[in-house]
Amino acid sequence: MKKILVVEDDRKIAKALSVRLRSLGYDVGFAYDAAMALTHARDTRPDMVIIDINLPAGNGFQVAERLQEAPETSGTPFMFITASRKAGLRGQAMKVGAKSYLEKPFLASDLVNSIENVLGAA
Amino acid sequence: MLTRQPDFVDSVLDLMTLKILIIDDNEMDRLVYRRCLSMHETRVFSIEEASSAQEGLVLYNNEQYDCVLLDFHLGNCTGIDVLDQIVEHNPLSRPAIVMLTGFGTIDGAADAMKRGADDYIQKSTVSVESLGRAIANAVEKTALRRTVSSKQQYLQIANEQLTKQNEEIKRFYHSVSHELKTPLTSLREFVSMVHEGVAGETTEDQHDLLTTALESCDQLCTHLNDLTDSVSLETGAFRLELDRIDPAEVLDKSVRQFEPLFESADVSFSHQVEQGLPLMQADEARVVQVISILLANARKFTPAGGSVLLKSERTGPDGNAIRFSVADTGCGIEAEHLNLVFDRLYQVSKEDEWGCRAREGLGLGLSIAKQIMLQHGGELVVQSVPGEGSEFSFTVPVSDYLANVA
């Protein structure tokens with residue numbers, strides 16, 4: 001069973017993703033801020049990470065960079081989700097190494113497709 | 001002839017006493033100027049004298065003068081040095097400066113003018129009339145200069161405030177949009193999961209109700225995005241992220257998204273893609289957005305039983321563009337509205353025998369779509385026959401990349 005780590009500070013979205021991803025057969029872990037994300041990733045070694053760009057005390061990009069720096073998690077593929085529509089954000093996200101990028105709110109089918117792409121890219 | 005500015009000049013002329021500082025190392029010359037000025041018909045001059053540059057600068061620093069008469073040759077330094085010091089010390093509110101030149105120093109006079117002197121007068125041509133006139137002109141010129149400079153400062157401050165306000169508006173809309181989208185995300189996810197049976201099988205009725213709920217979620221999301229995009233376009237923050245994009249994929253995405261929506265509206269939806277279309281230079285998400293706007297409109301204004309066709313084909317001289325079109329058999333657009341539909345917030349609102357819905361949406365869609373197309377270097381146009389239908393179409397340039405030969 002593949003393990004997905006979700007880094008998202010909004011508890012309701014986190015819960016929705018938990019139900020959705022578990023119903024699809026994934027094992028799901030959660031982190032609500034940047035620091036938690038890194039320790040969790042190192043401890044549980046997920047197969048991929050979904051990162052919300054807007055996080056308290058640090059942002060999604062920083063999480064992505066630290067993940068790639070740490071030897072235990074440097075090969076773990078990741079994707080971003082965001083409610084922001086700022087110009088150039090998608091391009092920036094891909095430059096940082098994201099394998100996919102979704103705007104909130106997302107279609108369930110788009111989420112599933114993105115996850116499959118990212119896991120396939122490992 | 002320069003037009004007079006009301007404020008400063010009129011008040012000066014009203015006072016009629018102009019404070020003059022004469023800096024000239026020749027005692028006779030100073031006497032001549034004093035005499036000329038004292039004999040002036042209409043104006044009264046209050047005069048102070050300095051016989052050297054140093055003395056002149058001391059007086060200048062201690063008093064406010066309306067005009068400085070400055071000799072070119074001041075013994076051990078030139079009038080230009082004094083001129084430079086005065087101009088540098090107080091570029092915006094300095095007094096008028098008239099240079100007094102001896103015979104054969106025309107070049108020097110031109111140089112002085114460039115460095116900020118308001119006028120020059122050859123000593124040999126000094127008279128009651130000519131000296132008075134030179135001073136009056138210089139004073140008027142100075143008054144104008146001060147008015148212009150203070151207006152410039154005012155405009156700069158106003159501009160800075162507007163820029164700041166613009167930034168605040170942008171931030172506000174981004175923040176509001178973000179805050180609204182967060183609960184909307186979990187809302188959509190939960191409704192969607194029940195709809196799909198993740199929480200257990202649903203009855204047909206439950207499924208239908210939830211389908212409508214989901215449509216509302218998506219409409220809400222579109223409205224929020226339209227609002228953000230509109231503000232983004234308005235404040236100049238909008239940017240395209242261009243890449244080489246496959247038009248067939250773009251069409252595919254739009255079809256998948258709208259097939260269920262047309263089905264629920266009982267409108268027949270079909271699509272045509274020309275074979276072998278080359279890649280286009282575009283922002284994929286934005287082109288999908290434009291097609292969505294057109295398809296949503298087509299759905300809104302086409303009654304049940306009607307049809308909508310989405311097409312993609314090559315076009316333009318040398319086939320250098322891709323044309324997308326959305327044609328519907330809806331109520332059409334009256335000729336007088338045709339030019340106005342792309343205006344921001346313009347909405348056609350009618351209830352007619354074909355049962356077209358009266359009002360839905362923010363009215364921003366087409367103006368956003370048009371702007372997106374303009375930024376792509378293409379255009380968005382419409383043709384329509386009231387009662388028969390409309391066709392909206394736009395073109396996107398083909399990617400120039402050399403390896404991409406269709």
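Trainee: Is Leu224(B) buried or exposed, and why?

Mentor: Leu224(B) counts as buried, because 21 other C-beta atoms lie within 10 Å. The cut-offs are simple: buried takes 20 or more other C-beta atoms within 10 Å of the residue's own, exposed takes 12 or fewer, partly exposed is in between, and C-beta atoms are placed from the backbone. Keep in mind that this is a predicted model, where local features need pLDDT of at least 70, side-chain atom pairs count only at pLDDT 80 or more, and totals for chains, interfaces and linings use all residues. Residues are numbered from 1 along each chain as its sequence is written, while chains are lettered from A and ligands numbered from 1 in the order in which they are written.

Trainee: Which element holds Leu224(B), and which residues does Leu224(B) touch?

Mentor: Leu224(B) sits in helix α7 of chain B, residues 204-234. Helices (H or I, at least four residues) and strands (E, at least two) are DSSP runs, numbered from the N terminus. Leaving out residues up to four places away in sequence, Leu224(B) touches Ser177(B), Leu180(B) and Lys181(B). Contact here is C-beta atoms, placed from the backbone, within 7 Å. Ser177(B) is 47 residues away along the chain, yet its C-alpha is 6.3 Å from that of Leu224(B).

Trainee: What do the two chains make of each other at the interface?

Mentor: There, 23 residues of chain B are in contact with 19 residues of chain A. On the chain B side, α6 (128-196) and α7 are the elements that give two or more residues. α6(B) gives the most, with 14 residues. By class, that side has 8 nonpolar, 9 polar and 6 charged residues. For the classes, Ala, Val, Leu, Ile, Met, Phe, Trp, Tyr, Cys and Pro count as nonpolar, Asp, Glu, Lys and Arg as charged, and the others, Gly among them, as polar.

Trainee: Now chain A. What pattern does chain A follow along the sequence?

Mentor: Chain A reads β-α-β-α-β-α-β-α-β-α, for 5 helices and 5 strands. Of its 122 residues, 37% are buried.

Trainee: How do I read one side of a helix, say α5(A), and which residues there are buried?

Mentor: An α-helix has 3.6 residues a turn, so residues three or four places apart point the same way. In α5(A), the buried ones are Leu111(A), Ser114(A), Ile115(A) and Val118(A). They lie on the same side of α5(A) because they cover an arc of only 100 degrees around the axis, taken from the directions from the helix axis to the C-beta atoms. Ser109(A), Glu116(A) and Gly120(A), on the other side, are exposed. The cover over the buried residues includes β3 (48-52), β4 (78-82) and β5 (100-103) of chain A.

Trainee: And a helix pair? At what angle do α9(B) and α11(B) cross?

Mentor: Two packed helices are described by the angle between their axes and the distance between the axes. For α9 (residues 284-301) and α11 (residues 365-376) of chain B, the axes come within 10 Å and cross at roughly 145 degrees. Those axes are lines fitted to C-alpha atoms, for helices over the stretch in contact, with angles from 0 to 180 degrees between N-to-C directions. The residues of this contact divide into 9 nonpolar, 3 polar and 1 charged. Among those that meet are Ile293(B) in α9(B) and Ile372(B) in α11(B).
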